[in-house]
Amino acid sequence: MHAKGTLENLALLPCPDVTEALGENEIRVEMRAAGMNFRDVLNALGMYPGEAGPLGGEGAGIVTEVGPGVTDLTPGDRVMGIFSGSFGPVAITDRRVVARVPEDWTFEQAASTPIVFLTAYYAMVDLGGLQPGQSVLVHSAAGGVGMATLQLARHLGAEVFGTASEGKWDTLRSLGLDDEHIASSRTLDFEKRFLDVTGGRGMDVVLDSLAREFVDAGLRLLPRGGRFLEMGKTDIRIPDEVAAEYTGVSYRAFDLMEAGADRIHEMWSDLISLFESGVLRPLPVRTWDVRRAPDAFRFISQARHTGKVALTIPRALDGPGTVLITGGTGGLGALLARHLVVEHGVERLVLTSRRGVEAPGAAELVAELAGLGAEARVAACDVADRAAVEKLLAGIGSEHPLSAVVHAAGVLDDGVVESLTPERVDKVLRPKVDAALHLHELTRDLDLAAFILYSSVSGTFGGSGQANYAAGNAFMDALAQHRRAEGLPAASLVWGPWTQDGGMTTELADADVSRMTRTGMVALTPRPDSRCSTRPAISTVPSWCP
């Protein structure tokens, strides 16, 4: 932040602290995703009482370095936990406040787990002492901590009541609450409603995040005494005054970090066991690219979310991994391969074509890339064949795992709609649509820095004589949107036509190129220094027109 007080001041700024030498029990983590909390919004707006520290309190990523006292983690391990300043590419934290990420979890799920589930556990077990058969009220139950607490309290055998705005009641129903156990968090009706349902007994524990008269209504729901646990930061009461007014009520305003690193480590052990046994499940999460963080902050500030919100952290294309380029020996594929090596420092590539090393210019391209310092392998592969793609990916191996995918393969078969037979449509859609789906499904669980789809303006504006090709490219754009919505890297690069020495237009006759030009689409000329080829990998939007 340049300054607190408005979300307009949010910006990506350098953080030199993350390069400091590690302490005895510290680890350095390359962040992949960061969970967001309402505390971050209050911090950005300057409304958090006291010093809130840097933005970003939790996240998930890959360990890159460990301190001398850390013996149970090594570089390459996936971890999730509590960080100070997790909204950047690197963060340092105490080993005791992190846990290993379960194998089948995404980084976004992992980044959204630490604070909400640790807070729920600390509140219900340590502070609330919740016992089987007791009643607990969870305010804002459709939020992150609320949803985590619902799961944990039910596991502990408690009768759970929850409040939320009416638009989020279906979320509470999906978590197992019936209508008698649900009330609005926007009115005071929950007090009478829940007293009636419990026959006047009320609650044993209240987990609060509201303020003013809503706090008083919650306190009155403890007529037999009990524990009132305050998570909110805007209306903190004095415990002795609460005890004097509400007989038998123990009031406690709390923050997770007061538990201490050692206790957090113990809680992590219990929570991971509950996740692995299926008792607890990660929450639904909605993601934004960190470069669109202001949008995510506004979304949370307007209370539009259920579950959690996470920011994804983009990665550079360089590193020890392997970049796969389908159609890699064609005009655009070769241009991209050179660009990745020269401009991004990529050292390993797998280039596919239907003819493999027999493709024209393939051997020369491999030699050229070697001269530039990169190791390139050309593989014959029909990427529309799922089994062939599986074999291709298996051959990349784990020493230099797949780090990015660029799907540039495709063919043209132009003709007016009436002339398009099923065979001609299939000829164009197989290397576009089928191949893209195979690549998407077979790599979705991998830690990719980029997933780039080469598309065309024909899918955006249509194209005379290109109905089949337009349909295929419209699918490319939609797939990029779908992956982004799932928190996966994706970008669809919407190219215009190329001159006949680049792209698939090498297969077109002069009349075809002239027809395209008459529509106003001036052909692009391949340039070895063009940044367009990789711009989508660093773009915040799923489809990008150069």
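Biologist: Leaving aside its neighbours within four places in sequence, which residues is T287 in contact with?

Modeller: Keep in mind that this is a predicted model. T287 sits in strand β12, residues 285-289. Once the neighbours within four places in sequence are set aside, the contacts of T287 are E108, A310, T312, R484 and G487.

Biologist: And is T287 buried or exposed?

Modeller: The cut-off for buried is under 20% relative accessible area. T287 has a relative accessible area of 16%, so T287 counts as buried.

Biologist: Let's zoom out to the chain. How much of it is buried?

Modeller: The secondary structure comes to 17 helices and 20 strands. Take contacts between residues at least 6 apart in sequence: 68% of them join residues at least 24 apart. As for burial, the chain has 546 residues, and the buried share is 53%.

Biologist: Which residues touch the most other members of the largest nonpolar core?

Modeller: That core has 85 residues. Helix α3, residues 114-127, gives the largest share of the core, 9 residues. The members that touch the most others are M124, V136, L207 and F297.

Biologist: Where does this core lie relative to domain 1 and domain 2?

Modeller: Domain 1 covers 7-112 + 289-312, and domain 2 covers 128-253. Both domains give residues to the core, so the core lies between domain 1 and domain 2.

Biologist: Which residues are included in the second, separate core?

Modeller: This second core is separate and has 28 residues. Its members include V323, V341, L365 and L493.

Biologist: Back to M124. What does M124 touch, not counting residues up to four places away in sequence?

Modeller: M124 is one of the residues that touch the most other members of the largest core. Skipping residues up to four places away in sequence, M124 touches G129, L130, V136, T149, L152, L156, V205, L207 and L229.

Biologist: How are α3 and α4 placed, parallel or oblique to each other?

Modeller: Their axes are 8 Å apart and pack at an angle of about 55°. V116, F117, T119, A120, Y121 and M124 in α3 meet G144, V145, A148, T149, Q151 and L152 in α4. The crossing of α3 past α4 is right-handed. Given that angle, α3 and α4 are oblique to each other.

Biologist: What about α3 and α9: at roughly what angle do their axes cross?

Modeller: Helix α9 covers residues 261-276, and its axis comes within 10 Å of that of α3. P114, F117, L118, Y121, Y122 and D126 in α3 meet R263, I264, M267, W268, D270, L271 and F275 in α9. The axes of α3 and α9 cross at roughly 105°. That makes α3, relative to α9, roughly perpendicular.

Biologist: Now α14 and α16. Are they roughly parallel or roughly perpendicular to each other?

Modeller: Helix α14 is residues 422-443 and helix α16 is residues 467-485, with axes that come within 8 Å. Among the α14 residues that meet α16 are R424, V425 and V428, and the α16 side includes N468, Y469 and A471. The axes cross at roughly 10°. Therefore α14 and α16 are roughly parallel to each other.

Biologist: What is the phi of S140 near?

Modeller: S140 is in the loop between β6 (135-138) and α4 (144-155). With a relative accessible area of 30%, S140 is partly exposed. Phi is positive here even though the residue is not a glycine, and its value is near 50°.

Biologist: And R212: is it buried or exposed?

Modeller: R212 lies in the loop between β9 (205-208) and α7 (213-219). R212 isn't a glycine either, yet its phi is positive, about 55°. Exposed takes over 50% relative accessible area. R212 has 57% relative accessibility, so R212 counts as exposed.

Biologist: How far apart in space are T171 and T306, C-alpha to C-alpha?

Modeller: T171 is in helix α5, residues 169-174. Not counting residues up to four places away in sequence, T171 touches A142, M147 and T306. T171 and T306 are 135 residues apart in sequence, while the C-alpha to C-alpha distance is 7.7 Å.

Biologist: Last one: how far apart in space are L195 and L221?

Modeller: L195 is found in helix α6, residues 189-197. Its contacts beyond four places in sequence are G200, G202, L221 and P223. L195 and L221 are 26 residues apart in sequence, and C-alpha to C-alpha the distance is 6.9 Å.

Terms used:
Residues are numbered from 1 along each chain as its sequence is written. This is a predicted model: local features need pLDDT of at least 70, side-chain atom pairs count only at pLDDT 80 or more; totals for chains, interfaces and linings use all residues. Side-chain values use heavy atoms; hydrogens and water are left out. A nonpolar core is a set of buried Ala, Val, Leu, Ile, Met, Phe, Trp, Tyr and Cys residues joined through side-chain atoms within 4.5 Å. Buried means under 20% relative accessible area, exposed over 50%, partly exposed in between (1.4 Å probe, protein chains only). Helices (H or I, at least four residues) and strands (E, at least two) are DSSP runs, numbered from the N terminus. Domain bounds come from an automatic or database domain assignment. Contact means heavy atoms within 4.5 Å. Axes are lines fitted to C-alpha atoms, for helices over the stretch in contact, and angles run from 0 to 180 degrees between N-to-C directions. Angles under 35 degrees count as roughly parallel, over 145 as roughly antiparallel, 65 to 115 as roughly perpendicular and the rest as oblique. A crossing is left-handed if the near helix is turned anticlockwise from the far one by less than a right angle, and right-handed if clockwise.
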